[in-house]
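User: I'd like to learn how to read a protein model feature by feature. Could you take me through this one?

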Amino acid sequence: MMTSDGARAVLERFYAAESAYVAAGGPGRAGFAEIAACLHPQVVLHQAPGLPFTGEWRGAEGMERFMGVMTELWQSVEFLEQRHLVDDERIVVVNEVRFVARASGRKLDTSLVQMMTVRSGLLFEIRPYYWDPAAVSEVLTPG
C-alpha cells in the first residue's frame, strides 16, 4: 500500500521532469531518464480521441515517443495549480495548466483532470481528461 505522501512525491517528480523536458526541446535536447525513473515498466497512457496526440502510449518507449510529440506541439507546459486526491494506488489529479504552442506562441489556460494508478511507487496508468479538447486543437492550429 502506497502512502499519499509517496504518491504525491512520484507525481511531483514526474511533473517537474515533464515540464523540464518540454522546455528543453525534447528528444535530442533533453534527457528522458528523469521521466523514465517515474514510470512502471508496463506504464500506459490513454489519450482521448479528438486530440492531436490521441492514442495509447505503452512502456517507457511509448511515453518517450509521446513526449516527443508533445515537445513538437508545445513550447511549455506549466502546472499552475494541482490538487491530488489519493486512495491507495489510485490518484486523481486536478490541474490548472498553461500550455504555450510552439508553432504560434499562443497560450491556453485550461483544466485537466488525470486519473492515475501507481504500482510499486511508479506511474502505471494515466488517463487525462481535458476540459475543452477543441480549445487544445484550436490553439495548435496555425493561423
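User: Let's start at a helix. Which residues of helix 4 are buried?

Analyst: One thing to keep in mind throughout: this is a predicted model. In helix 4, the buried residues are Ala135, Val136, Val139 and Leu140. They cover an arc of only 130 degrees around the axis, which puts them on the same side of helix 4.

User: What do the buried residues of helix 4 pack against?

Analyst: Their partners are helix 3, strand 3, strand 4, strand 5 and strand 6. Pro133 also belongs to helix 4, but Pro133 is partly exposed, with a relative accessible area of 34%.

User: How should I read helix 1, and which of its residues are buried?

Analyst: Here's the general idea: an α-helix has 3.6 residues a turn, so residues three or four places apart point the same way. Now the case here. Ala7, Val10, Leu11, Phe14, Tyr15, Ala17, Glu18, Tyr21 and Val22 are the buried residues of helix 1. Looking down the axis of helix 1, you'd find these buried residues within an arc of 165 degrees, so they line one face of the helix.

User: Which exposed residues sit on the face of helix 1 turned away from its buried side?

Analyst: That face carries Asp5 and Ala23, both exposed. Just after helix 1 comes Gly25, with a positive phi of about 105 degrees.

User: How does the length of helix 1 compare with what is expected?

Analyst: Helix 1 has 21 residues and runs 30 Å from its first C-alpha to its last, close to the 30 Å expected at 1.5 Å a residue. The buried residues of helix 3 are Gly59, Gly62, Met63, Phe66, Met67, Gly68, Met70 and Thr71.

User: Now the core. Which residues touch the most other members of the largest nonpolar core?

Analyst: The general idea first: in soluble globular proteins, nonpolar side chains tend to be buried together. In this model the largest nonpolar core holds 39 residues, and Phe14 and Trp74 touch the most other members. Several elements each supply at least two residues of this core, among them helix 1, strand 1, helix 3 and helix 4. Helix 1 gives the most, with 8 residues.

User: What is Phe14 in contact with, leaving aside its neighbours within four places in sequence?

Analyst: Phe14 meets Ile35, Cys38, Leu39, Met63, Leu123 and Ile126.

User: How many aromatic pairs are there?

Analyst: The count comes to 8 aromatic pairs. Take Tyr15 and Phe79: their ring centres are 4.5 Å apart and their planes are at 50 degrees, so this pair is tilted. Tyr15 lies in helix 1 and Phe79 in strand 3, so the pair ties together parts that are 64 residues apart in sequence. Tyr15 is buried, with a relative accessible area of 4%. Elsewhere, one aromatic cluster is formed by Phe53, Trp57, Phe66, Trp74, Phe99 and Tyr130.

User: What does Gln47 touch, beyond neighbours within four places in sequence?

Analyst: Gln47 is in contact with Phe53, Thr54, Gly55, Trp57, Phe66, Pro128 and Tyr130. Gln47 lies in strand 1 and counts as buried, at 6% relative accessibility.

User: And His40, is that one buried or exposed?

Analyst: Buried, at 13% relative accessibility; the cut-off for that is under 20%. His40 is also found in strand 1. Leaving aside neighbours within four places in sequence, His40 contacts Arg119, Leu122, Leu123 and Phe124. Two of those names come up again in another feature: the charged end of Arg119 sits over the ring of Phe124, 3.9 Å from its centre.

Note on methods. Residues numbered from 1 in each chain as written. Predicted model: local features only at pLDDT ≥ 70, side-chain atom pairs only at ≥ 80, totals over all residues. Heavy atoms only, no water. Core = buried A, V, L, I, M, F, W, Y, C linked by side-chain atoms within 4.5 Å. Buried < 20%, exposed > 50% of the residue type's maximum accessible area, 1.4 Å probe, protein only. Helix = DSSP H or I, 4+ residues; strand = E, 2+ residues; numbered from the N terminus. Contact = heavy atoms within 4.5 Å. Expected span 1.5 Å × (residues − 1). Arc of directions from axis to C-beta. Phe/Tyr/Trp six-rings, centres within 6.5 Å; stacked < 30°, edge-to-face > 60°. Lys NZ or Arg CZ within 6 Å of the ring centre and 35° of its normal.
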